[in-house]
Amino acid sequence: MRTYRFSNSLIGYLNLLTLLASIPLIGSGLWLSRSSATCESSLQTPLLVLGFVVLIVSLAGFVGACFNVAWALWLYLVVMLFLIVALLGLTVFGFAVTGGGGGVEVPGRVYHEYRLDDYSGWLRRRITEPQYWKTAMACVVGSRTCAKIAFWTPLDYLQRDLSPIQSGCCKPPTSCTYNAGAAMAAQDEDCYRWNNAANVLCYACDSCKAGVLEQVRRDWHKLSILNVVVLIFLISIYSIGCCAFRNARRAESEYPYGENRMSKIHPRWDYYWWRWFRDRREQLY
């Protein structure tokens with residue numbers, strides 16, 4: 001009885017917490033849908049989908065655990081299993097595509113520079129798609145990241161660090177050599193793409209794409225680590241949910257703790273005949 005109450009109460013409380021947590025997720029998705037910023041609006045669909053899935057799953061688990069509704073717990077367990085498998089696949093994929101990168105050190109500088117060839121083929125193909133890169137570049141320009149270092153002195157570049165996007169998009173590669181504003185021969189192609197105009201800079205450079213990929217790689221790596229923690233949490237809840245589902249099935253039957261198959265409770269059809277013959281024989285002898 002204690003195990004029965006504990007598993008149902010625990011799964012009920014956990015799903016109540018996740019139910020409340022889904023409300024700000026949905027609210028954030030709706031708010032981002034009204035935003036005109038490219039970077040923010042691209043997140044609205046994942047937030048809305050995640051929020052509504054968590055809401056439905058948590059509601060089914062809460063109702064099923066607290067009111068012993070077997071079909072609600074069954075739906076909860078099926079969707080929870082789907083979420084676990086999907087999250088596991090996403091985590092494995094995230095670790096696979098974020099294995100490369102990291103940047104290379106620049107002699108005499110604090111910051112790193114990034115090369116497009118160091119990243120996985122899937123990320124490179126993704127970033128070189130015209131439509132995707134157009135959206136990503138609009139995000140970079142709109143964030144005004146380069147404006148933060150527009151007035152740096154050469155000494156600042158020697159002593160201060162740069163973010164991946166600042167290193168790849170806001171300046172030419174450190175190895176570039178210019179004479180009267182023009183790039184010398186036999187240099188990196190990004191050296192020729194660089195322009196000092198604030199709306200051009202190195203936004204068309206491969207180093208800028210690599211800087212964006214490095215930022216994506218770092219975010220995905222952090223998310224993958226978080227996914228591992230969430231997976232452990234979901235698997236624990238799923239195990240408790242299985243116990244609650246079994247308890248709900250037992251509560252719907254005539255025998256809450258399982259069907260009693262003892263012969264004294266459910267005797268065979270010939271039991272009464274055998275007992276009559278036994279009594280008669282005892283009377284005769």
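**Entry 1: ground rules.** I count as a patch a group of residues with over 30% relative accessible area and no salt bridge, where like charges are joined within 9 Å and nonpolar side chains (Val, Leu, Ile, Met, Phe, Trp, Tyr) within 5 Å. A salt bridge here is a side-chain nitrogen of Lys or Arg within 4 Å of a carboxyl oxygen of Asp or Glu. Accessible areas come from the Shrake-Rupley method with a 1.4 Å probe, and for residues only the protein chains shown count as cover. I am working with a predicted model, in which local features need pLDDT of at least 70 and side-chain atom pairs count only at pLDDT 80 or more, while totals for chains, interfaces and linings use all residues. Residues are numbered from 1 along each chain as its sequence is written, and side-chain values use heavy atoms, with hydrogens and water left out.

**Entry 2: the patch.** I looked up the nonpolar surface patch and found Tyr13, Leu16, Leu20 and Ile23 making about 420 Å² of it. Tyrosine 13 sits in helix H1 (residues 2-33); helices are DSSP runs of H or I with at least four residues, strands runs of E with at least two, numbered from the N terminus. Tyrosine 13 is exposed, at 59% relative accessibility (exposed is over 50%, buried under 20%, partly exposed in between; 1.4 Å probe, protein chains only).

**Entry 3: confidence.** I checked pLDDT, the predictor's confidence in each residue from 0 to 100. The protein averages 76, and 71% of the residues score at least 70.

**Entry 4: disulfides.** I searched the whole structure and four disulfides turned up (cysteine sulfur atoms within 2.5 Å). One joins cysteine 146 to cysteine 170, S to S 2.0 Å, and is left-handed, with -85° about the S-S bond. Its partners are 24 residues apart, with cysteine 146 in the loop between helix H6 (130-142) and helix H7 (154-159) and cysteine 170 in the loop between H8 and strand S3 (178-179). Cysteine 146 is buried at 8%, and cysteine 170 at 6%.

Another pairs cysteine 176 with cysteine 191, sulfurs 1.8 Å apart. Cysteine 176 lies in the loop between H8 and S3 and cysteine 191 in helix H9 (residues 189-193), so this link ties together parts 15 residues apart in sequence.

**Entry 5: glutamine 166.** This residue belongs to helix H8 (residues 164-169) and is buried, at 10% relative accessible area. Beyond neighbours within four places in sequence, glutamine 166 contacts Thr145, Lys148, Ile149 and Lys171 (heavy atoms within 4.5 Å).
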